[in-house]
Amino acid sequence: MFIDYDPVIYSRLLTSLTLGFHVIFATIGVGVPLMIAIAEWMGIKRNDPHYTLMARRWARGFVITVAVGVVTGTAIGLQLSLLWPNFMQAAGHTIGLPMFMEVFAFFFEAIFLGIYLYTWDRFKTKMRHFLLVIPIVIGATASAFFITTVNSFMNAPQGFNIVDGILTDVSPLAAMFNAATPTKISHVIITCYLTAAFILGAIAAFHILKGNKHVYHKKALHLTMVSGIIFAIGTALIGDLSGKYLHEYQPEKLASAEWHLETESGAPLILGGFINEENEISYALEIPYALSILAGGTPDTEVIGLNEFPEEDLPPLWIHYMFDSMVFIGMFLAAVSALFVAMNWKKNWNAFNRPLLWAVVAGGPLSMLAIESGWIFAEVGRQPWIINGVMRTAEGATTSQHVDLMLYMFIILYAVLGITVVVVLRRMFKSNPIEHELEERGFAHKKEDEKEVARR
(Lines give C-alpha, C1' and ligand atoms only; values in the text may rest on other atoms or scores of the structure.)
Protein backbone atom coordinates (compact mmCIF):
# COMPACT_ATOMS: atom_id res chain seq x y z
CA MET A 1 0.00 0.00 0.00
CA PHE A 2 1.49 3.35 -1.09
CA ILE A 3 0.68 6.78 0.25
CA ASP A 4 0.36 9.49 -2.36
CA TYR A 5 3.07 12.13 -2.12
CA ASP A 6 1.69 15.41 -0.84
CA PRO A 7 4.24 18.24 -0.47
CA VAL A 8 1.92 20.13 1.88
CA ILE A 9 1.75 17.25 4.34
CA TYR A 10 5.49 16.62 4.23
CA SER A 11 6.24 20.33 4.51
CA ARG A 12 4.09 20.53 7.63
CA LEU A 13 5.74 17.43 9.08
CA LEU A 14 9.26 18.71 8.43
CA THR A 15 8.48 22.16 9.79
CA SER A 16 6.84 20.62 12.86
CA LEU A 17 9.87 18.42 13.44
CA THR A 18 12.27 21.34 13.18
CA LEU A 19 10.20 23.64 15.38
CA GLY A 20 9.61 20.89 17.93
CA PHE A 21 13.35 20.19 18.18
CA HIS A 22 14.38 23.84 18.07
CA VAL A 23 11.94 24.92 20.78
CA ILE A 24 13.83 22.77 23.29
CA PHE A 25 17.00 24.79 22.80
CA ALA A 26 15.16 28.07 22.27
CA THR A 27 13.39 27.64 25.60
CA ILE A 28 16.64 26.88 27.39
CA GLY A 29 18.29 29.76 25.54
CA VAL A 30 15.73 32.24 26.84
CA GLY A 31 15.28 30.91 30.37
CA VAL A 32 18.74 29.83 31.54
CA PRO A 33 20.46 33.26 31.21
CA LEU A 34 18.05 34.68 33.78
CA MET A 35 18.78 31.79 36.16
CA ILE A 36 22.52 32.38 35.67
CA ALA A 37 22.05 36.05 36.50
CA ILE A 38 20.03 35.24 39.64
CA ALA A 39 22.64 32.72 40.84
CA GLU A 40 25.55 35.10 40.30
CA TRP A 41 23.68 37.92 42.03
CA MET A 42 23.00 35.66 45.01
CA GLY A 43 26.69 34.75 45.13
CA ILE A 44 27.67 38.40 45.26
CA LYS A 45 24.94 39.45 47.69
CA ARG A 46 25.69 36.66 50.18
CA ASN A 47 29.37 36.25 49.38
CA ASP A 48 28.57 32.58 48.77
CA PRO A 49 30.85 30.54 46.46
CA HIS A 50 28.15 27.94 45.89
CA TYR A 51 25.86 30.35 44.05
CA THR A 52 28.80 31.73 42.08
CA LEU A 53 29.72 28.19 41.06
CA MET A 54 26.13 27.60 39.95
CA ALA A 55 26.40 30.54 37.58
CA ARG A 56 29.72 29.23 36.21
CA ARG A 57 28.49 25.69 35.63
CA TRP A 58 25.12 26.68 34.23
CA ALA A 59 26.85 29.07 31.82
CA ARG A 60 29.11 26.28 30.52
CA GLY A 61 26.17 24.01 29.79
CA PHE A 62 24.26 26.92 28.30
CA VAL A 63 26.95 27.44 25.64
CA ILE A 64 26.44 23.89 24.34
CA THR A 65 22.69 24.38 23.96
CA VAL A 66 23.25 27.74 22.22
CA ALA A 67 25.44 26.05 19.62
CA VAL A 68 22.72 23.54 18.76
CA GLY A 69 20.08 26.26 18.82
CA VAL A 70 22.02 28.12 16.13
CA VAL A 71 21.91 25.05 13.88
CA THR A 72 18.19 24.44 14.32
CA GLY A 73 17.37 28.14 14.06
CA THR A 74 19.25 28.33 10.76
CA ALA A 75 17.31 25.29 9.56
CA ILE A 76 14.03 27.07 10.31
CA GLY A 77 15.09 30.07 8.23
CA LEU A 78 16.00 27.84 5.29
CA GLN A 79 12.82 25.81 5.54
CA LEU A 80 10.64 28.93 5.53
CA SER A 81 12.10 29.87 2.16
CA LEU A 82 12.18 26.35 0.69
CA LEU A 83 8.97 24.84 2.06
CA TRP A 84 6.75 27.92 2.32
CA PRO A 85 7.73 30.13 -0.66
CA ASN A 86 4.23 31.47 -1.29
CA PHE A 87 3.87 32.46 2.33
CA MET A 88 7.25 34.22 2.33
CA GLN A 89 6.49 35.95 -0.96
CA ALA A 90 3.17 37.25 0.33
CA ALA A 91 4.14 38.10 3.91
CA GLY A 92 7.94 38.13 4.03
CA HIS A 93 8.24 41.89 3.66
CA THR A 94 5.52 42.37 6.28
CA ILE A 95 7.23 40.35 9.02
CA GLY A 96 10.79 40.76 7.76
CA LEU A 97 11.62 43.41 10.35
CA PRO A 98 11.22 41.22 13.46
CA MET A 99 13.08 38.40 11.72
CA PHE A 100 16.03 40.73 11.13
CA MET A 101 15.82 42.11 14.67
CA GLU A 102 15.84 38.57 16.09
CA VAL A 103 19.17 37.91 14.34
CA PHE A 104 20.51 41.20 15.70
CA ALA A 105 19.38 40.29 19.23
CA PHE A 106 21.08 36.91 18.96
CA PHE A 107 24.41 38.42 17.92
CA PHE A 108 24.10 40.97 20.71
CA GLU A 109 23.62 38.10 23.16
CA ALA A 110 26.42 35.99 21.65
CA ILE A 111 28.98 38.80 21.85
CA PHE A 112 28.35 39.43 25.53
CA LEU A 113 28.19 35.69 26.25
CA GLY A 114 31.72 35.30 24.90
CA ILE A 115 32.96 38.23 26.99
CA TYR A 116 31.12 36.91 30.05
CA LEU A 117 32.72 33.47 29.80
CA TYR A 118 36.21 34.82 29.15
CA THR A 119 36.26 37.37 31.97
CA TRP A 120 35.57 35.19 35.02
CA ASP A 121 38.00 36.25 37.79
CA ARG A 122 39.43 39.03 35.62
CA PHE A 123 37.72 41.97 37.33
CA LYS A 124 38.68 43.51 40.65
CA THR A 125 35.06 43.44 41.78
CA LYS A 126 32.54 40.66 41.14
CA MET A 127 29.81 43.18 40.37
CA ARG A 128 31.55 44.28 37.17
CA HIS A 129 31.46 40.74 35.86
CA PHE A 130 27.81 40.40 36.88
CA LEU A 131 26.94 43.43 34.74
CA LEU A 132 28.00 41.45 31.67
CA VAL A 133 25.23 38.90 32.18
CA ILE A 134 22.53 41.57 31.94
CA PRO A 135 22.98 42.08 28.15
CA ILE A 136 22.85 38.30 27.74
CA VAL A 137 19.48 38.17 29.50
CA ILE A 138 18.23 41.14 27.46
CA GLY A 139 19.45 39.64 24.19
CA ALA A 140 17.94 36.22 24.88
CA THR A 141 14.60 37.71 25.89
CA ALA A 142 14.64 40.10 22.93
CA SER A 143 15.18 37.15 20.57
CA ALA A 144 12.06 35.52 21.97
CA PHE A 145 10.19 38.80 21.72
CA PHE A 146 10.97 39.43 18.06
CA ILE A 147 10.47 35.90 16.76
CA THR A 148 7.21 35.55 18.69
CA THR A 149 5.84 38.69 17.04
CA VAL A 150 6.10 36.78 13.75
CA ASN A 151 3.88 34.06 15.16
CA SER A 152 1.57 36.71 16.62
CA PHE A 153 1.19 38.22 13.16
CA MET A 154 0.24 34.82 11.74
CA ASN A 155 -2.53 34.55 14.35
CA ALA A 156 -3.76 38.16 14.23
CA PRO A 157 -2.55 39.65 10.92
CA GLN A 158 -2.69 43.42 10.47
CA GLY A 159 -0.61 46.29 9.10
CA PHE A 160 -1.27 45.74 5.38
CA ASN A 161 -3.82 45.84 2.59
CA ILE A 162 -4.47 43.03 0.10
CA VAL A 163 -4.46 43.91 -3.60
CA ASP A 164 -4.78 41.04 -6.09
CA GLY A 165 -3.60 38.57 -3.46
CA ILE A 166 -0.52 40.64 -2.61
CA LEU A 167 0.04 42.31 0.77
CA THR A 168 0.63 46.02 0.12
CA ASP A 169 0.77 49.27 2.11
CA VAL A 170 2.76 47.43 4.73
CA SER A 171 3.36 48.88 8.18
CA PRO A 172 5.95 46.59 9.84
CA LEU A 173 5.39 48.04 13.31
CA ALA A 174 1.62 47.63 13.04
CA ALA A 175 2.18 44.05 11.87
CA MET A 176 4.46 43.34 14.85
CA PHE A 177 2.28 44.92 17.52
CA ASN A 178 -1.00 43.20 16.76
CA ALA A 179 -3.75 41.99 19.07
CA ALA A 180 -2.00 38.69 19.79
CA THR A 181 1.38 40.22 20.63
CA PRO A 182 0.96 41.12 24.34
CA THR A 183 -0.40 37.79 25.56
CA LYS A 184 1.62 35.56 23.23
CA ILE A 185 4.97 37.20 23.95
CA SER A 186 4.46 37.38 27.70
CA HIS A 187 3.27 33.76 27.79
CA VAL A 188 6.25 32.50 25.77
CA ILE A 189 8.82 34.37 27.85
CA ILE A 190 7.42 33.51 31.29
CA THR A 191 7.09 29.82 30.40
CA CYS A 192 10.69 29.78 29.18
CA TYR A 193 11.74 31.09 32.59
CA LEU A 194 9.55 28.52 34.36
CA THR A 195 10.87 25.63 32.28
CA ALA A 196 14.50 26.63 32.77
CA ALA A 197 13.98 26.81 36.54
CA PHE A 198 12.48 23.33 36.65
CA ILE A 199 15.09 21.75 34.37
CA LEU A 200 17.90 23.07 36.57
CA GLY A 201 15.94 22.13 39.68
CA ALA A 202 15.39 18.60 38.36
CA ILE A 203 19.15 18.17 37.92
CA ALA A 204 19.79 19.26 41.51
CA ALA A 205 17.02 17.04 42.87
CA PHE A 206 18.34 14.04 40.94
CA HIS A 207 21.82 14.48 42.44
CA ILE A 208 20.33 14.56 45.95
CA LEU A 209 18.29 11.42 45.23
CA LYS A 210 21.49 9.67 44.10
CA GLY A 211 22.97 10.32 47.53
CA ASN A 212 24.95 13.50 46.90
CA LYS A 213 24.00 15.61 49.93
CA HIS A 214 26.36 18.47 49.12
CA VAL A 215 24.88 21.80 50.14
CA TYR A 216 25.47 23.11 46.60
CA HIS A 217 22.66 20.93 45.25
CA LYS A 218 20.32 21.90 48.09
CA LYS A 219 20.93 25.57 47.45
CA ALA A 220 20.43 25.08 43.71
CA LEU A 221 17.14 23.29 44.36
CA HIS A 222 15.95 26.00 46.73
CA LEU A 223 16.87 28.78 44.29
CA THR A 224 15.15 27.11 41.34
CA MET A 225 11.97 26.25 43.25
CA VAL A 226 11.57 29.78 44.63
CA SER A 227 12.01 31.04 41.08
CA GLY A 228 9.63 28.35 39.86
CA ILE A 229 6.70 29.36 42.06
CA ILE A 230 7.08 33.00 40.99
CA PHE A 231 7.13 32.07 37.30
CA ALA A 232 4.28 29.57 37.75
CA ILE A 233 2.03 32.27 39.23
CA GLY A 234 2.95 34.59 36.35
CA THR A 235 2.17 31.84 33.85
CA ALA A 236 -1.29 31.29 35.34
CA LEU A 237 -2.13 35.00 35.25
CA ILE A 238 -0.98 35.38 31.65
CA GLY A 239 -2.79 32.17 30.69
CA ASP A 240 -6.02 33.74 31.93
CA LEU A 241 -5.42 36.77 29.70
CA SER A 242 -4.66 34.44 26.78
CA GLY A 243 -8.07 32.82 27.20
CA LYS A 244 -9.73 36.22 27.01
CA TYR A 245 -7.74 37.04 23.86
CA LEU A 246 -8.91 33.82 22.20
CA HIS A 247 -12.51 34.56 23.14
CA GLU A 248 -12.36 37.94 21.42
CA TYR A 249 -10.12 37.29 18.41
CA GLN A 250 -9.96 33.51 17.77
CA PRO A 251 -13.20 32.09 19.19
CA GLU A 252 -13.08 29.03 16.93
CA LYS A 253 -9.71 28.09 18.46
CA LEU A 254 -11.06 28.42 22.00
CA ALA A 255 -14.19 26.44 21.11
CA SER A 256 -12.12 23.65 19.56
CA ALA A 257 -9.75 23.53 22.52
CA GLU A 258 -12.68 23.20 24.94
CA TRP A 259 -15.01 21.09 22.78
CA HIS A 260 -17.57 23.87 23.16
CA LEU A 261 -20.17 22.87 20.59
CA GLU A 262 -23.08 25.26 21.13
CA THR A 263 -23.06 29.00 21.76
CA GLU A 264 -24.22 29.65 25.30
CA SER A 265 -23.78 31.69 28.44
CA GLY A 266 -22.52 30.06 31.62
CA ALA A 267 -20.37 27.71 29.56
CA PRO A 268 -18.60 24.90 31.45
CA LEU A 269 -14.90 24.12 31.13
CA ILE A 270 -14.26 20.58 29.90
CA LEU A 271 -11.20 18.78 31.24
CA GLY A 272 -10.04 15.46 29.85
CA GLY A 273 -12.52 13.09 28.25
CA PHE A 274 -12.97 11.68 24.77
CA ILE A 275 -14.98 12.83 21.76
CA ASN A 276 -16.30 10.62 18.96
CA GLU A 277 -17.15 11.34 15.34
CA GLU A 278 -20.64 12.50 16.34
CA ASN A 279 -19.06 15.06 18.72
CA GLU A 280 -20.36 13.16 21.74
CA ILE A 281 -18.13 13.73 24.78
CA SER A 282 -17.56 11.05 27.41
CA TYR A 283 -15.49 10.63 30.58
CA ALA A 284 -14.86 14.38 30.83
CA LEU A 285 -14.87 16.56 33.92
CA GLU A 286 -17.05 19.64 33.51
CA ILE A 287 -16.48 22.68 35.71
CA PRO A 288 -19.66 24.81 35.60
CA TYR A 289 -19.29 28.41 34.37
CA ALA A 290 -15.50 28.11 34.23
CA LEU A 291 -15.18 28.59 30.45
CA SER A 292 -17.33 31.73 30.59
CA ILE A 293 -15.16 33.08 33.41
CA LEU A 294 -12.00 32.25 31.45
CA ALA A 295 -13.38 33.89 28.31
CA GLY A 296 -14.95 37.03 29.71
CA GLY A 297 -14.32 37.19 33.42
CA THR A 298 -17.97 36.65 34.41
CA PRO A 299 -20.11 33.48 34.76
CA ASP A 300 -22.72 34.80 32.31
CA THR A 301 -20.28 35.54 29.44
CA GLU A 302 -21.57 34.14 26.15
CA VAL A 303 -19.02 31.82 24.55
CA ILE A 304 -19.31 31.14 20.82
CA GLY A 305 -19.62 27.45 19.94
CA LEU A 306 -18.27 25.40 17.06
CA ASN A 307 -21.70 25.41 15.43
CA GLU A 308 -21.15 29.05 14.42
CA PHE A 309 -18.25 28.29 12.06
CA PRO A 310 -17.94 26.48 8.71
CA GLU A 311 -16.51 23.02 9.24
CA GLU A 312 -13.71 23.64 6.75
CA ASP A 313 -12.46 26.58 8.85
CA LEU A 314 -12.16 24.65 12.11
CA PRO A 315 -8.96 23.23 13.60
CA PRO A 316 -8.87 19.54 14.57
CA LEU A 317 -10.56 18.84 17.87
CA TRP A 318 -7.60 16.86 19.21
CA ILE A 319 -5.96 20.16 20.17
CA HIS A 320 -8.10 19.81 23.31
CA TYR A 321 -5.54 17.27 24.57
CA MET A 322 -2.68 19.70 23.93
CA PHE A 323 -4.51 22.41 25.84
CA ASP A 324 -5.25 20.09 28.75
CA SER A 325 -1.66 18.84 28.88
CA MET A 326 -0.36 22.39 29.03
CA VAL A 327 -2.78 23.37 31.79
CA PHE A 328 -2.37 20.21 33.90
CA ILE A 329 1.42 20.37 33.79
CA GLY A 330 1.38 24.05 34.67
CA MET A 331 -0.77 23.27 37.71
CA PHE A 332 1.57 20.44 38.68
CA LEU A 333 4.66 22.67 38.46
CA ALA A 334 2.98 25.36 40.55
CA ALA A 335 1.94 22.82 43.20
CA VAL A 336 5.37 21.17 43.42
CA SER A 337 7.32 24.42 43.67
CA ALA A 338 4.85 25.89 46.20
CA LEU A 339 5.00 22.72 48.31
CA PHE A 340 8.80 22.71 48.32
CA VAL A 341 9.03 26.38 49.28
CA ALA A 342 6.44 25.94 52.05
CA MET A 343 8.12 22.83 53.47
CA ASN A 344 11.55 24.44 53.29
CA TRP A 345 10.22 27.47 55.16
CA LYS A 346 8.91 25.33 58.01
CA LYS A 347 11.80 24.48 60.33
CA ASN A 348 10.58 21.01 61.31
CA TRP A 349 9.55 19.85 57.83
CA ASN A 350 11.82 18.02 55.43
CA ALA A 351 11.56 19.59 51.98
CA PHE A 352 14.17 17.13 50.69
CA ASN A 353 12.02 14.01 51.12
CA ARG A 354 12.19 11.50 48.29
CA PRO A 355 8.59 11.79 46.96
CA LEU A 356 8.90 15.55 46.62
CA LEU A 357 12.35 15.26 45.07
CA TRP A 358 11.01 12.79 42.49
CA ALA A 359 8.17 15.22 41.74
CA VAL A 360 10.75 17.94 41.06
CA VAL A 361 12.70 15.54 38.82
CA ALA A 362 9.52 14.75 36.90
CA GLY A 363 8.85 18.48 36.59
CA GLY A 364 11.92 18.94 34.37
CA PRO A 365 10.79 16.88 31.35
CA LEU A 366 7.14 17.66 32.03
CA SER A 367 7.82 21.40 31.80
CA MET A 368 9.38 20.90 28.37
CA LEU A 369 6.44 18.69 27.37
CA ALA A 370 4.14 21.58 28.32
CA ILE A 371 6.16 23.89 26.05
CA GLU A 372 5.81 21.44 23.16
CA SER A 373 2.09 21.00 23.82
CA GLY A 374 1.61 24.75 23.94
CA TRP A 375 3.28 25.27 20.58
CA ILE A 376 1.33 22.45 18.98
CA PHE A 377 -1.85 23.99 20.35
CA ALA A 378 -0.84 27.42 19.04
CA GLU A 379 0.05 26.22 15.54
CA VAL A 380 -2.49 23.47 14.90
CA GLY A 381 -5.17 25.56 16.58
CA ARG A 382 -4.72 28.16 13.83
CA GLN A 383 -5.37 25.66 11.05
CA PRO A 384 -6.37 25.61 8.26
CA TRP A 385 -4.69 29.04 8.04
CA ILE A 386 -1.00 29.86 7.83
CA ILE A 387 -2.01 33.54 8.08
CA ASN A 388 -5.26 33.55 9.97
CA GLY A 389 -8.15 34.48 7.69
CA VAL A 390 -5.81 35.54 4.87
CA MET A 391 -3.87 32.56 3.48
CA ARG A 392 -4.55 28.88 3.96
CA THR A 393 -1.69 26.56 4.84
CA ALA A 394 -2.02 24.62 1.58
CA GLU A 395 -1.71 27.87 -0.39
CA GLY A 396 1.55 28.80 1.29
CA ALA A 397 3.38 25.49 0.81
CA THR A 398 5.78 24.37 -1.89
CA THR A 399 4.79 22.10 -4.75
CA SER A 400 8.29 20.68 -5.15
CA GLN A 401 9.27 17.04 -5.01
CA HIS A 402 11.53 15.27 -2.48
CA VAL A 403 10.30 17.04 0.65
CA ASP A 404 9.87 13.54 2.08
CA LEU A 405 13.58 12.87 1.53
CA MET A 406 14.42 16.11 3.35
CA LEU A 407 12.24 14.98 6.25
CA TYR A 408 14.17 11.71 6.64
CA MET A 409 17.52 13.51 6.43
CA PHE A 410 16.57 16.01 9.11
CA ILE A 411 15.31 13.24 11.40
CA ILE A 412 18.80 11.73 11.26
CA LEU A 413 20.44 15.13 11.77
CA TYR A 414 18.36 15.98 14.83
CA ALA A 415 18.91 12.51 16.31
CA VAL A 416 22.68 12.98 15.98
CA LEU A 417 22.52 16.49 17.44
CA GLY A 418 20.33 15.40 20.35
CA ILE A 419 22.54 12.46 21.28
CA THR A 420 25.67 14.61 20.94
CA VAL A 421 24.30 17.28 23.28
CA VAL A 422 23.41 14.72 25.96
CA VAL A 423 26.80 12.99 25.74
CA VAL A 424 28.80 16.24 25.78
CA LEU A 425 26.88 17.75 28.72
CA ARG A 426 27.06 14.53 30.72
CA ARG A 427 30.81 14.15 30.24
CA MET A 428 31.44 17.85 30.83
CA PHE A 429 29.93 17.83 34.31
CA LYS A 430 30.74 14.25 35.30
CA SER A 431 34.45 14.81 34.72
CA ASN A 432 34.43 17.97 36.82
CA PRO A 433 32.24 17.45 39.90
CA ILE A 434 31.39 20.37 42.14
CA GLU A 435 33.51 19.10 45.04
CA HIS A 436 36.60 19.09 42.87
CA GLU A 437 35.84 22.51 41.44
CA LEU A 438 35.28 24.05 44.88
CA GLU A 439 38.59 22.64 46.11
CA GLU A 440 40.35 24.03 43.03
CA ARG A 441 39.03 27.47 43.89
CA GLY A 442 40.18 27.25 47.48
CA PHE A 443 36.89 26.44 49.18
CA ALA A 444 36.92 23.46 51.50
CA HIS A 445 34.13 20.93 51.19
CA LYS A 446 31.65 21.53 53.96
CA LYS A 447 28.31 20.00 54.74
CA GLU A 448 25.45 22.00 56.10
CA ASP A 449 22.18 20.71 57.40
CA GLU A 450 18.82 21.59 55.92
CA LYS A 451 18.12 24.30 58.50
CA GLU A 452 21.23 26.14 57.42
CA VAL A 453 20.20 25.81 53.77
CA ALA A 454 16.77 27.21 54.57
CA ARG A 455 18.33 30.09 56.48
CA ARG A 456 20.44 30.98 53.48
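**Helix H2**

The expected span of a helix is 1.5 Å times one less than its number of residues. Helices (H or I, at least four residues) and strands (E, at least two) are DSSP runs, numbered from the N terminus. I started with helix H2, residues 49-83: its 35 residues reach 50 Å from the first C-alpha to the last, close to the 51 Å expected at 1.5 Å a residue.

A note to myself before going on: this is a predicted model, where local features need pLDDT of at least 70 and side-chain atom pairs count only at pLDDT 80 or more, while totals for chains, interfaces and linings use all residues. Residues are numbered from 1 along each chain as its sequence is written, and side-chain values use heavy atoms, with hydrogens and water left out.

I then looked at the N-terminal end of H2. Asp-48 caps it, with a side-chain oxygen 2.8 Å from the backbone nitrogen of His-50.

**Nonpolar patch**

Next I looked up the surface. Patches are made of residues with over 30% relative accessible area and no salt bridge; like charges are joined within 9 Å, and nonpolar side chains (Val, Leu, Ile, Met, Phe, Trp, Tyr) within 5 Å. Areas come from the Shrake-Rupley method with a 1.4 Å probe, and for residues only the protein chains shown count as cover.

I found a nonpolar patch with about 1000 Å² of accessible area together, its members including Trp-41, Leu-97, Phe-100, Met-127, Ile-134 and Phe-177. Helices H3 (85-118), H4 (126-131) and H5 (133-155) each give two or more residues to this patch. H3 supplies the largest share, 4 residues. Leu-97 is found in H3 and is partly exposed at 32% relative accessible area. For this and later entries, buried means under 20%, exposed over 50%, and partly exposed in between (1.4 Å probe, protein chains only).

**Salt bridges**

I count a salt bridge when a side-chain nitrogen of Lys or Arg is within 4 Å of a carboxyl oxygen of Asp or Glu.

- Lys-244 and Asp-240 have their closest N and O atoms 3.0 Å apart. They are 4 residues apart in helix H8, so about one helical turn separates them. Lys-244 is partly exposed at 22%, and Asp-240 is partly exposed at 30%.
- Arg-392 and Asp-313 meet at 2.6 Å, N to O. Arg-392 lies in strand E8 (residues 391-392) and Asp-313 in the loop between E6 and H11, so the pair ties together parts 79 residues apart in sequence. Arg-392 is partly exposed, with a relative accessible area of 26%.
- Arg-382 and Glu-379 meet at 3.1 Å, N to O. Arg-382 is buried at 3%, and Glu-379 is buried at 18%.

**Asn-155**

Buried or exposed, I asked of Asn-155? At 2% relative accessibility, Asn-155 counts as buried. Asn-155 is found in helix H5. Its side chain makes a polar contact with the side chain of Gln-250 at 3.3 Å; the term covers a pair of N or O atoms within 3.5 Å, where within protein one must be able to donate a hydrogen and the other to accept it, and residues adjacent in sequence count only if both atoms are side-chain atoms. Taking contact as heavy atoms within 4.5 Å, and leaving out residues up to four places away in sequence, I see Asn-155 touching Lys-184, Tyr-245, Gln-250 and Arg-382, among others.

Thr-235 sits in helix H8 (residues 215-249) and is buried at 13%. Thr-235 and Gly-330 are 95 residues apart in sequence, yet 7.9 Å apart in space, C-alpha to C-alpha.

Leu-314 is in the loop between strand E6 (302-303) and helix H11 (319-345), and is partly exposed at 21%. Not counting residues up to four places away in sequence, Leu-314 touches residues including Phe-309, Gln-383 and Pro-384.

Most residues other than glycine have a negative phi, and most peptide bonds are trans. I looked for departures.

The peptide bond from Gln-383 to Pro-384 is cis, with omega near 15°. Pro-384 is in the loop between helix H12 (354-380) and strand E7 (385-387).

Tyr-283, in strand E5 (residues 281-287), has a positive phi of about 60° and is exposed at 75%. Tyr-289 has a positive phi of about 65°. Its place is in the loop between E5 and helix H10 (290-296), and Tyr-289 is partly exposed at 46%.
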